[in-house]
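Please keep the model open beside you while you read.

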Amino acid sequence: MTDIHPQQPLETQPRYAQHGHYPRATTVDDFRRHLAAVHARIEAACKRVGRNPGGVRLLPVSKTVDEARIRLSYAAGCHMLGENKVQEAHRKWDAMRDLADLRWSVIGHLQTNKAKLVAQFASEFQALDSSHVAEALDRRLQAEGRSLDVFVQVNTSNEAAKSGLPPEAVGDFLRTLSAYSALHVRGLMTLALFSAEGDRVRRCFTTLRTLRDRLRNDAPSGIALDELSMGMSGDFEIAIEEGATVVRVGQAIYGARATPDSDYWPADGQAVPNG
Ligand SMILES: *Cc1c(COP(=O)(O)O)cnc(C)c1O
């Protein structure tokens, strides 16, 4: 596998080493160009493993991006956006209700007391990992007369501070979800280890796919496990090679974020030793 060589130019480095170097999009044309580049990367990854690019959905992630730039990205074709933090997402949804077909996917950990907000505006929730949250979401959704596509988040990297269920707990958890008719289970989601070592990253994605394949065989009725949401700007090609059907991409579209990734998930090196 390829390693990062700091003395070599950026273009020859593996993609996951280029994290943080993505140029900032400030015009609709910038967004069109960045989206075309991401789609080209998606197609190339699909081609390597004989997959149809139509089987991979690109979910642009707009966290920290202001309303003006989100509107430019919308004009360039981003009509469903991923946001990590519920309050930020809710605020943006409220400010851009005039864009009637703009939909929101909440992709970050949720506390039970925020379920009410998600039930109001989200089309998709990708980080379900607790029965309390499932119960609260279902109750709030029933009250709103809405439903929600959900992904169960799995902790495939065995990092103590990372959200998501351990793989061995997912089967039992899925069985409890049939009780919640407003939740439509679509599949599994994971955040890989954030590491420069491509094969350690790949192992997380392989874990999610094999788990999905195993659970799909005896999934409770009404529970579809077709989707695998995995891969972000730095590692989505590896995720696609391992079967991703949704890739969540922020920086390669919007540009490098000023906020550190540790605002959203733990840094590498916090893995539990007995992994
Ligand atoms: C921010 C985020 C992403 C996208 O990361 P980028 O490096 O911006 O591509 C993907 N998934 C989750 C859960 C995120 O919070």
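1. The protein in this predicted model is built with 9 helices and 8 strands. Of its 275 residues, 52% are buried, and the accessible surface comes to about 12400 Å², with 49% of that surface belonging to carbon and sulfur atoms.

2. It is worth looking at how the chain comes back to itself.

3. Turning to the strands, β2 (residues 80-83) pairs with β3 (residues 103-106) in the parallel sense, and 4 bridges join the two. Within this pairing, S105 in β3 is the bridge partner of G82. On the way from β2 to β3 the chain passes through helix α3 (residues 86-95), and the β-α-β crossover made in this way is right-handed.

4. Strand β3 also pairs with β4 (residues 124-128), again in the parallel sense, here over 2 bridges. If you look for V106, you will find F125 of β4 standing opposite. Helix α4 (residues 115-121) belongs with these two strands, and β3, α4 and β4 together make a right-handed β-α-β unit.

5. Which residues is F125 in contact with, leaving aside its neighbours within four places in sequence? They are V106, G108, L110, V133, L137, L148, D149, V150 and F151.

6. Finally, please consider the aromatic rings. A pair of such rings is described by the distance of the centres together with the angle of the planes. The count of aromatic pairs in the protein comes to 2. In one of them, F31 and Y254, the ring centres are 5.2 Å apart and the planes stand at 70 degrees, and because an angle over 60 degrees counts as edge-to-face, this pair is described in that way. Since F31 lies in helix α1 (residues 28-48) while Y254 lies in helix α9 (residues 251-254), the pair ties together parts of the chain that are 223 residues apart in sequence. Are these two residues, F31 and Y254, buried or exposed? Both F31 and Y254 are buried.

How values were computed:
Residues are numbered from 1 along each chain as its sequence is written. This is a predicted model: local features need pLDDT of at least 70, side-chain atom pairs count only at pLDDT 80 or more; totals for chains, interfaces and linings use all residues. Side-chain values use heavy atoms; hydrogens and water are left out. Buried means under 20% relative accessible area, exposed over 50%, partly exposed in between (1.4 Å probe, protein chains only). Accessible areas come from the Shrake-Rupley method with a 1.4 Å probe; for residues, only the protein chains shown count as cover. Two strands pair if DSSP finds at least two bridges between them. A crossover is right-handed if, with the strands pointing away from the viewer, the path from the first strand over the helix to the second runs clockwise. Rings of Phe, Tyr and Trp (its six-membered ring) pair if their centres lie within 6.5 Å; planes under 30 degrees apart count as stacked, over 60 as edge-to-face and the rest as tilted. Contact means heavy atoms within 4.5 Å.
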